[in-house]
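Thanks for coming. I have a few minutes on one structure, so please look at the model on the screen while I talk.

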Amino acid sequence: SSTKVSSTDRFAVLDLASSKVNHKTSTADATSAASKRAQTRATKEIGARMENTGHIGGHFEINENPQFLAERRAIFDRFWAESEAKKASHEDIEISITLPDGSVKSGHAFKTSPFDVAMGISKGLADSVIIAKVLYTRRLEHDSVVACDKEEDEEASAPIEDGELWDLTRPLVGDCQLRLLKYDDPEAKAVFWHSSAHVLGAALESTFGAHLTIGPALQSGFYYDAYMGDNSVSDDTLKKIDAKAMEVCKKKHPFQRLVLSKAQALEMFAANPFKVSLITNKVPDGSMTTVYKCGDLIDLCKGPHIPHTGKIKAFASVKTSSTNWLGQVNNDPLQRVYGVAFPDKALLKQWKEFQEQAKQRDHRNLGNKQELFFFHQLSPGSCFWMPHGARVYNKLISFIKDEYWKRGYQEVITPNVFNLNLWETSGHAQHYKENMFVFEVEGQEWGMKPMNCPGHCLLFAHRLRSYRELPLRIADFGVLHRNEVSGALTGLTRVRRFQQDDAHIFCRQDQIKDEVIGALDFMRHVYTVFGMSYTLELSTRPAKALGDHALWDTAEAQLALALNEFAGEGKWKINAGDGAFYGPKIDIKVYDAMERIHQCATVQLDFQLPIRFDLQYKSAIDNSEESFQRPVMVHRAMLGSVERMAAVLMEHWGGKWPFWLSPRQAIVIPVDPKFAGYAAEVQRRIHDAHFYVDVDDSSRTLNKKVREAQLAQYNFILVVGEQEATSESVSVRTRDNEVRGCIPLSELIEQFHQLSNEKK
């Protein structure tokens, strides 16, 4: 998992379990941080949208300070001089710069930078800010460039309603509203880590002569992928990389932004076949792109960046792995180095301490220690739930099913295998087939279902539906399979076989608000029980949205009304342009006990599947044109994947399960073998009341039995001897060594029922 980006300024877990994996470059590394609007470009990878290039890296030998560094620097200097000469010819135009407090500063277009404004306020402010955010009210120049380090067509959907991130040292180009962001701002933090990735790239180039490919910021820090032929970066060389990186930081190299033509970019990166491929495929003829320079590193990049490398006071390479160019196994192998960096050495120390805490809570360790689950090489990514683990798994499902009963959901059971024609109709075959398990039966292609929604569309369409049936809430715990690449599999958080508390609500347009509020209330109840807080974001129409804009506007308005009614105005955020192509959605981010972000629950509107499956219901209007209408489909999940939620909860509680969900609720310990019979009777009565209870009748000492029961996380340790046997009671203590004294057995069982019913 990843270091979270949030206002709590805490850290999450960076997975150090595997040093060599072979995996796709995928959105597994992409952040879901608090401000995707700024982080989208910085954190998403290019993916596999470009065609497979095969092996383009060629012969490679490790070469410290390779010749291409000096050659590239000379080309940059030439183009930089030309650019500066053009800037000098700009007309002197006065501009107005409005600050968040309403004050207005005057400046000059193409000369005054955000850093100048900050210095005009105070040197302390100028030293502390990381990046600027600018919303232009009058823009004198539009810098139309194509980014080579972004996902295809991503820029078209990047919203600028609240402004765009802007280099502190880049001159402003018109009247604007200006905000100065410090490191604790999520967007500034993303920029800081992106700039740190460039420092890592500089270290890889100068230390190994590596050919850099892609180096994004992540929720956990950053990484850089580099081509080094058959050579690999071992953990032993990480200190060498760190030393070079800190050398770059101490020199306080400025980040210099330069706009280039496609031909100029190809000339500058002629020595790097991967950059040439990016430029060739991403930049149309006649278009411009941008590069950034810091010291010897010059890299294709949309930016923005921190003012200079000296802002980075602490740097650590933390992990290496292997991948392939564009995530395609037939392409060149790449070395990936992960890192973290901070503007203060104390933050790095805190991060390391937090990693140790997180390691102790790692669900893989807890699962093994508590004998909950395991994986086997003969079925990678498919979990074996042992008896105690199955108790947790089934209890989570029962928890949700009980809520279904109260909230008007109807459970269904649908097939696991479908003819591929279903996925052609739904559109998943075009976009998701490579992530499905597909096989041939009697000359036709079939697939294991990776999600339930198309099957639920078939269920809705099975017979004529009336408006009186809506909303129709269909729930399904069907087993799902997704063909994740083996190297991406990570414990219970990334698996191939899983179940979801998946439900789809078919409703009329005028029912959207109420159904969304109902789903949000469901979510609130679930995470209140888990003791987890949450934040809400409304993700609106993206550039690639399908369907009528008026329908989108209506749906977004209803979602906004639902959020206002549920959470209150100002208690949620707009995540402009980040909705799914088929409809707007509410992103729900929950925080665990270590203040890490998890995105498990979801509420999404879908206009497209009802169209693709031609779903209709008989309306209340009795005329030929409007007698049948199209339903809206609401996708919603509370837990998401049961497997992933089990992992989240294991780490949230550190393996100390609450009584209602615990796989080891009680253990009976006789003080002497002669009381074994009464111990067995206590076990029977508690078991008959449907609670999990064991007996320790071993020959160990009483103190040792109690201690081992506490370490095994039994919620209650019940000691019995002559007094307890005579009075039909038990002597109760908790796993935290709280002694509750002698309690009648019947009363204890009532307490157990109360704890279970109250989900405590």
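First, a term: two strands count as paired if DSSP finds at least two bridges between them. Keep in mind that this is a predicted model.

With that term in hand, take β10 and strand β11, residues 288–294, which pair in the antiparallel sense over six bridges. Within this pair, L258 stands opposite V291 in β11.

Now the sheet they belong to. Three strands make it up, in the order β10-β11-β12, and the sheet is open, with antiparallel pairing. At its edges are β10, 256–261, and β12, 297–300, each of which pairs on one side only. From one strand to the next, the twist averages 30°.

What lies across these strands? Helix α2, residues 67–87, lies across β10, β11 and β12, and runs at about 85° to β10.

Leaving aside residues up to four places away in sequence, M268 touches R72, I75, F76, F79, L260, V291 and I298.

In soluble globular proteins, nonpolar side chains tend to be buried together. Here, the largest nonpolar core has 73 residues, and L204, M268 and V291 are those with the most contacts inside it. Which helix gives this core its largest share? Helix α5, residues 186–208, supplies that share, with 11 residues. Apart from this core lies another, of 64 residues, among them Y404, F530, A560 and M645.

Terms used: Residues numbered from 1 in each chain as written. Predicted model: local features only at pLDDT ≥ 70, side-chain atom pairs only at ≥ 80, totals over all residues. Heavy atoms only, no water. Core = buried A, V, L, I, M, F, W, Y, C linked by side-chain atoms within 4.5 Å. Buried < 20%, exposed > 50% of the residue type's maximum accessible area, 1.4 Å probe, protein only. Helix = DSSP H or I, 4+ residues; strand = E, 2+ residues; numbered from the N terminus. Contact = heavy atoms within 4.5 Å. Axes fitted to C-alpha atoms, helices over the stretch in contact; angles between N-to-C directions.
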